[in-house]
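Open the model in your viewer and keep the selection tool at hand. This tour moves from stop to stop and tells you what to select next.

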Amino acid sequence: MNTRAPFTPDQAQRIARAWLSSTSSGIIELDADWAGASLPLLAPGDKAFAFADLRPAPPSLYADEAAYYVDEEGQVVFVLDPAEHSWVEFGKMPVYVAGDFNGWEEAVGQADWALEPGEVNGRAVWRLRHPAAPLLREPPHQFKFITGDRRWLELPREATNLVPDAKGHFNRALLRHRTGRNLFEFITTEPVLLNQTHTVIHVRDGREAPKTRVRLGKFFHELRSDLALGAIVRRGETTFRLFAPRAKHVRLFLCEKLEAMDAAFGYELDRRAEPGGGWHGVWEAHLDRNLHGWYYWYTLSGPQDVFGHFQPSQRVLDPYAQAAVGRAGPGLVLDPAWVGRADRKFATPAWQDLVIAEAHVRDLAAHAPIDLSAEERLGFAGLTKWVEHPDFYLKKLGVNCVELQPVQEFDNQTREEYQWGYMPANWFAPASGFALDGAHGSQVKELQALVAAFHRQGMAVLLDVVYNHAGEPAHLMLVDKLYYFELDDEGGLENWSGVGNDLRCRSAMAKRLIIDSLVHLIEVYGVDGFRFDLAELIGVDVLREIEAALKKVKPDVILIAEPWSFRGHIAAALRPTGYASWNDGYRNFLRDYVHGRGAAERLEYFMKGSPWHFAFWPAQTVNYTESHDDRTWLDEITENGGHNGFQPTQNDRQRTHLMAAILLASVGIPLLAAGQDFLRSKHGVNNTYLRGDLNALDYHRIARFPATHAYFAAWVAFRRSERGRLLRQWSRPSEGFFQAFAGPGLASLVLIYNADGSQGRSRLMFAVNPTQENTRVQIGAQADRAWVLVADQECFYAPGRQPPGYAATADLFVPALGCSLWVAEG
C-alpha cells in the first residue's frame, strides 16, 4: 500500500537540514520524500571534506527527528525513546499517543493508543503502529505523547516537525511528504574538524542549490572528558585545562599582580588526549611551579559563523576558576591546601522538620543593629558577625534553615553596586562583591566562615543557584556558544529565562560543570542544599542526574526546584524525584483566601500538603507566600492604594496573622521571606532587583510590630516542638488522619490532625475564618474531646492563661479574620 503523498520537484530538491552523527558520518534530510529512480546528487559544498559514500538511510532513522516514520507495510510507527524521559516509570506508567485525531487527552486510557515496548534502530524504545491512511492528511494532524496521569512529555527543541497550535503550544506534525524516505547517510573520507564550518548542496541539471550548513549532531553535545579542569595545583606544579571543543587556538595569560595584567605572560595550550586515547575537547598547559595567588585568564579563537562567538581579543574567565576578582575576571589560582575543606559535622535537619527563611546576604547585614564597618555591611564578613550575635534576627525568629540568594560570582560592575545575584559570571567562585578583599580571594574564607557561623546557630544553609542562563559577560559564550547555549536554527539565542541566553544544561560538559560546582560548594563550604532557579530550563532528566551525583557526596542534601520558566512547569514531572518544589499555586491561593476569595475545600488540599497532584510525599511541597520576586506579601494584600503596605491597616495585620498560621500549620516545608514577620513593605514596588534601599531589612519594624514578630516566632516554635510533630509528616499519613469541616459559605475551615489516632493519642485542631463576619463551624462528635486552646489570631497562650469565652463546642466559634489552634490528648 502506497501511503506517501505526492511531492513537488522543488520540495524534493530542497535540503531541510544536514548534520554530523559523528566526525566521519552524517545525515542529509530533504524537505520531502525522494522518489527518484537514482540517488539525488548531494555533495559537499566546500573543500573542507569529501564523501566516501552516500546512500538512502533506513526510514526508521527519521523517528529520531520526528518521533514517527512509515514502515514498508504502510503503517505509521510512533516512536518514543525512554532515555529522553527518565522520570517516567515506563512499564508501570502507560504512555499514549495523543493528537487532534483522537481527542488529545481523551486518548488516555484507550488501549489502541498505548505505546508498547519494542526496538527501533537497534535500541529499546516504546512504539505504536497504526494505519497511515487516516493519519497522513492535509492539513497535517498534530500529536504528542502523554502519560497515564496526564503529563505531557516535553518536545525536543531540534525536532524538524514542530508546529504551533492555535494557543501557541508546540506539537509534532504528521507530514504526508516526510515518511522517512527523505533521509540520506554519508560517510566522509577523513574525520572532519569541529572548528571548521561545513556545507552540503543538492545539484540538479548542473545547477547548484544554495549551500546548507552541516550541523553538529547529538554526538557533539555528548562530548565529555573526565579530566580535572581549571587551574590545578599539585605537588609544586600548576596545570591549566579548559574544555573548548570547537576552538582553533587557546591561549593562557598569567600575572602575579593585578597591575601587571597588560604585561602578562602568555602560553599556548595544547590539545590534551584522554587517558584512553583520542581528543575530547580539552586543552592543557603545564607549568613547573606552584602559582597559588596568581591571576589568569584565557583567549580563544574559533569558527566565525552564527553558531560561534569567538572573540580572540576578549579575556575569558575560566568557568572552573575557584575565585575571581570580578565579573570579567581574572581568575585566581588557588592551592587546595590553602582552600581547605568545610567541617561537615553539622547535622542537616530532616526535610519535614525544616522551617526556611529566604534572605539576601546584604539585606541581612545592611542595617544589622550591631557595630559593623561600612565595608563589613556589604557582605560575608558583616553577616557572619551578625549571625554570631546573641540577638541575631533569624535565631530569634526560630527558623532552622536559611536560603541565601545567589552568592556565586555575579555580574555587578562595582563592589558597592547592589543586585540580587541572579546573573552568574562563574559557578565555583564566591561573589567577590561580598568580600572584604576580593582581589586576593578573601571571599573563599569569608563564605566558609559564614556557613560555619550559621551551623553553630543550628541553621542549615541552602544556596539559591542559577544554572539556566549566564550574566554579562557570558564567558561560556566565548568558550563555545554552540555547545553551551540553546540556539535556534539560525544560531539565535533562545530566551525562556527572560534574560536572553538560556544555557544548554543537557550538554554533557554543561551537566558536568553544574555537578562539579555543586559538589565544590558542598565539600569546600559545607552547604546543606540548593534551590534551583527556573529549574524547568535545566530539565527533569538533568535534575535527576544532579540528584544522583550529589547524594553520593551528601546523602541528606536538600534539593528544591523553582519548577517553572516562561516555557512551562515541571512540578508534576518532579514528583517521582527527590526534589521539593516551590508551590506557586499555594502562594497565589493564600493571597486570595485571606480576602475571603477561596473555598475551604481548596485550602484543605493545600494544608494537607498538596497531595498527589503536586507532591508525592509531604515535604515535596515548599509552601510560601512571598519571595524575593515581585511585591512583598504585605504590599500584595494591603487595603492601601498603590499596593503600598508600609503603613498597614488593622485588617492587613490580621490577614498576615492568618497567613502565618495557615502557612506554619500546613503539611510541607514552610518558607518565609525575611521580614514577613515584621510586616515588611517595599512601598508597592514590584521589581526591586537593583533596589538595595528597599530590600535591606528595617529591623526597627520589629519594635514597631512586636506582636506580629512574636506571633510568627511562636508559630515557628510550636511547629518545631514535640506538640507540633503532627504538622511535620515525612510520608503520607493514613486516609483518616485528617478530618475537615467547612463552615457556612464554604470559606471557613476546621481541620483535625490525627483524627483516626493512627499517630498516637495527641490530636490538633486548626480553625480559620477569612471573612469579615463571625462564623460557627459544625464539628460534630469531635467536640467531645478535651480540646485546649493553644493559640488564636493574636497570640499563643501559656497553660491556664487562655481567655474566657473560648470553648470547643459542636458549633465551633471562629471570629472574623480569625483562627484558633487546639490540642487534645486521648
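Select β21 and strand β22 (residues 279-287). The two pair in the antiparallel sense over three bridges. Two strands count as paired if DSSP finds at least two bridges between them. Strands of a sheet pair through backbone hydrogen bonds, either parallel or antiparallel. Now pick D270, which stands opposite E284 in β22.

A word on what you are looking at. This is a predicted model, where local features need pLDDT of at least 70 and side-chain atom pairs count only at pLDDT 80 or more, while totals for chains, interfaces and linings use all residues. Residues are numbered from 1 along each chain as its sequence is written, and side-chain values use heavy atoms, with hydrogens and water left out. Helices (H or I, at least four residues) and strands (E, at least two) are DSSP runs, numbered from the N terminus.

Four strands form an open sheet, in the order β17-β18-β22-β21, with antiparallel pairing. Which strands stand at the edges? They are β17 (230-234) and β21 (270-273); each has a single partner strand, so one side of each is left without a neighbour in the sheet. On average, neighbouring strands of this sheet are turned by 40° against each other, direction ignored.

**Second stop: a covered strand.** Select strand β27 (residues 460-465). Six of its six residues are buried. Buried means under 20% relative accessible area, exposed over 50% and partly exposed in between (1.4 Å probe, protein chains only). Colour A460, L462 and D464: they point one way from β27. V461, L463 and V465 point the other way. C401 stands opposite A460 in β27.

Show helix α15 (residues 650-665) and helix α18 (residues 706-720). Their axes come within 10 Å and cross at roughly 10°. That makes α15 roughly parallel to α18. Axes are lines fitted to C-alpha atoms, for helices over the stretch in contact, and angles run from 0 to 180 degrees between N-to-C directions. Angles under 35 degrees count as roughly parallel, over 145 as roughly antiparallel, 65 to 115 as roughly perpendicular and the rest as oblique. On α15, the contact residues include M659, L663 and L664; on α18, they include Y711, F712 and W715. Contact means heavy atoms within 4.5 Å.

Find V594 in the loop between α12 (584-593) and α13 (600-607). Is V594 buried or exposed? V594 is buried, with a relative accessible area of 0%. Leaving aside neighbours within four places in sequence, its contacts include W633, I637 and M659. Next, draw a line from V594 to A52: the two are 72 Å apart in space, C-alpha to C-alpha.

**Last stop: two polar contacts.** Go to T160, in the loop between β10 (142-147) and β11 (162-164). T160 counts as buried, at 19% relative accessibility. A polar contact of 3.3 Å joins the side chains of T160 and E29. Such a contact is a pair of N or O atoms within 3.5 Å; within protein, one must be able to donate a hydrogen and the other to accept it, and residues adjacent in sequence count only if both atoms are side-chain atoms.

Finish at S762, in strand β35 (residues 762-769). Its side chain makes a polar contact of 2.7 Å with the side chain of E825.
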